[in-house]
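Visitor: I'd like a close look at one part of this protein, please. Could you walk me through it slowly?

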Amino acid sequence: MNTPSPAIVAQAAVRRLPRWALLFLCALYLLPGFVGRLPWKGEDISSFGYMRELVRGSARWLAPTLQGQSPELHALLPYWLGAWSIKALPWLDAASAARVPFALLMALSLLATWQAVYYLARSPQAQPVAFAFGGEAKPVDYARAMADGGLLALMACLGLAQLSHEATPALVQLASLSLVFFGAAASLYRSWAPALAWVLGMAGLLLSGAPVFAVALGLGCAALRWWQFHITQERVALHWAVGLALLSVLAALLGWGLDLWQWRHMLAGTWLQWRGLLRLLIWFTWPAWPLALWTLWRWRSQLWGRSQALHVALPTWFAAMVMVEALTTHSPDHSLLMALPALATLAAFALPTLKRSFTSLIDWFALVFFTGCAFVIWVIWIAMQTGVPAQPAANVAKLAPGFVPSFSWFAFLVALGCTGAWFWLVHWRTGRHRAALWKSMVLPASGAALCWLLLTSLWLPLLNYARSYAPMVARVSVYAKPNDCVQTMGLTRSQIAALQYHGQLQLQPLRSTAVCPWLIAEPTQLSKHPVNLKQWQLQTSVRHPADRKEDLLLFRRIAP
């Protein structure tokens with residue numbers, strides 16, 4: 001006996017979100033951050049450094065290195081994609097060319113998530129309650145409205161903005177898991193497209209530093225399909241269970257052959273670590289996680305019963321797997337990024353069960369929060385340009401000393417137009433219109449897109465100054481000129497990549513036999529490897545303008 005669906009949806013509530021509006025919103029969210037931005041500190045610039053080494057022929061394709069150092073995450077595909085793009089687009093700046101495939105991967109993630117929600121919403125258990133005299137939502141229209149809501153919920157997640165716009169292995173993992181998620185959802189109706197998505201997604205996870213997770217995910221989905229076969233006796237479910245198990249074994253063997261199996265997991269042990277993970281989970285997945293919890297509660301009878309509600313069980317399994325991965329890894333934010341498609345799917349299935357008062361609460365919170373964020377961004381930008389108000393201008397000067405603001409008419413007009421569109425959207429949403437399932441996600445998704453666009457347009461010069469190594473390398477370039485030979489000691493991967501890219505310096509480790517006129521050292525390394533003052537003279541100390549804890553010492557050779 002099937003459990004009644006908690007969704008009560010009329011045909012009038014599943015009217016289609018205009019495709020041009022949805023595509024325009026996706027473009028506004030996707031393009032800023034990929035265009036006109038310098039590589040930022042951390043994994044963004046270090047990943048770009050490995051790509052440049054492959055292009056220059058200074059590293060092996062199966063074992064990328066940066067001045068002899070292997071990546072912290074044993075990934076191959078992200079560096080291959082960036083290097084191939086740099087070679088294929090020689091007329092673009094190397095950093096811009098390297099981001100092109102990652103922008104396409106982000107678009108693929110959005111598309112795969114929409115398709116996954118669409119196919120899950122078409123399952124019989126996900127359909128709304130049939131009315132006595134008709135008028136309930138048609139299956140295809142209902143699935144489209146749910147898919148629109150899931151996509152908007154994904155873009156509304158706060159943690160998606162920055163990590164999804166960096167050319168790092170995390171974005172490859174997101175796109176790969178989105179493909180796997182689509183394959184698992186669409187296998188209820190199609191064969192070849194889901195199979196291809198599974199193969200590409202598993203290969204992407206395997207080659208982007210997540211081989212253990214890929215195999216565990218494949219075996220878990222195989223077990224889920226086996227459970228479905230045990231209940232329904234459908235041969236298709238059995239075929240998928242066997243196929244996914246074989247694919248997982250093949251992925252494990254391929255990872256072993258390419259030497260990708262490196263156990264880098266740890267379990268958070270202290271209360272401070274657990275509290276930090278909890279805080280990260282709350283803000284990173286907002287606003288999807290409260291809606292996902294509501295979905296688990298409202299659809300609980302189908303989740304734990306014998307009605308085979310894969311539209312709830314499947315995203316719950318994916319989200320649970322990623323949560324376990326986040327608890328046992330050194331970079332929980334990168335792992336949580338992979339949970340967002342599944343959490344957005346669960347959030348979508350909460351929409352047909354929400355009361356009007358709760359949807360109004362979502363709208364008012366999004367209105368207040370994102371309008372406030374946009375107001376702060378505009379006020380600080382005006383203060384940077386004019387000095388008024390004085391306090392925000394003083395705060396910027398204190399946090400980023402030496403920064404000189406610049407004005408761009410293009411960025412100003414784009415930001416002004418999008419801000420006006422936000423207020424028009426608020427006016428439209430608060431008007432009296434027919435209720436649509438996806439309406440409660442319009443303001444959160446549009447607000448997230450607006451704030452991200454304002455940051456990467458009005459604040460882009462400030463962010464490039466504060467979050468990149470360009471100003472720091474510019475101070476080094478006063479002494480060491482492009483193509484100069486520079487020996488290094490104790491530098492991070494990010495610093496090495498920045499000196500090579502921004503300063504065009506020829507770097508050599510201190511232990512090499514090269515005789516260079518310059519030496520750049522990290523101050524804390526001097527106690528471990530003291531510099532021979534008979535050979536080197538301290539020339540200057542270079543500090544990152546926005547990070548007081550990051551200094552470099554530049555020495556000049558005074559003896560052969």
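Let's begin with Gln525: is Gln525 buried or exposed? And what is around that part of the chain?

Guide: Happy to, and keep in mind that this is a predicted model. Gln525 is buried, because its relative accessible area is 19%, and the cut-off for buried is under 20%. You'll find Gln525 in the loop between strand S3, residues 518–521, and strand S4, residues 536–543. Leaving aside residues up to four places away in sequence, Gln525 touches Met489 and Gly490.

Now step back into strand S3, where Ile520 sits. Ile520 counts as buried too, with a relative accessibility of 1%. Again skipping residues up to four places away in sequence, its list of contacts includes Val476, Val486, Gln487, Thr488 and Leu491. Met489 is on the list for Ile520, and you've already met Met489 as a contact of Gln525. Leu499 belongs there as well, along with Leu552, Leu553 and Leu554.

Next, look for the link between Cys485 and Cys516. These two are joined by a disulfide, with 1.8 Å from S to S. Cys485 lies in strand S1, residues 485–489, while Cys516 is in the loop between strand S2, residues 506–509, and S3, so the pair ties together parts that are 31 residues apart in sequence. What kind of link is that? A disulfide is a covalent bond between the sulfur atoms of two cysteines.

Cys373 counts as partly exposed, at 28% relative accessibility. As for Cys418, its sulfur is 11 Å from the closest cysteine sulfur, which is also in Cys451, and that's too far for a bond. Cys418 counts as buried, with 14% relative accessibility.

Trp91 is exposed, with a relative accessible area of 65%, and it lies in the loop between helix H3, residues 77–88, and helix H4, residues 94–121. Together with Leu92, Val100 and Leu104, Trp91 makes a nonpolar surface patch of about 430 Å².

Note on methods:
Residues numbered from 1 in each chain as written. Predicted model: local features only at pLDDT ≥ 70, side-chain atom pairs only at ≥ 80, totals over all residues. Heavy atoms only, no water. Helix = DSSP H or I, 4+ residues; strand = E, 2+ residues; numbered from the N terminus. Buried < 20%, exposed > 50% of the residue type's maximum accessible area, 1.4 Å probe, protein only. Contact = heavy atoms within 4.5 Å. Patch = residues over 30% accessible without salt bridge, like charges linked within 9 Å, V, L, I, M, F, W, Y side chains within 5 Å. Areas by Shrake-Rupley, 256 points an atom, 1.4 Å probe, with all protein chains shown as cover. Salt bridge = Lys/Arg side-chain N within 4 Å of Asp/Glu carboxyl O. Disulfide = S-S within 2.5 Å.
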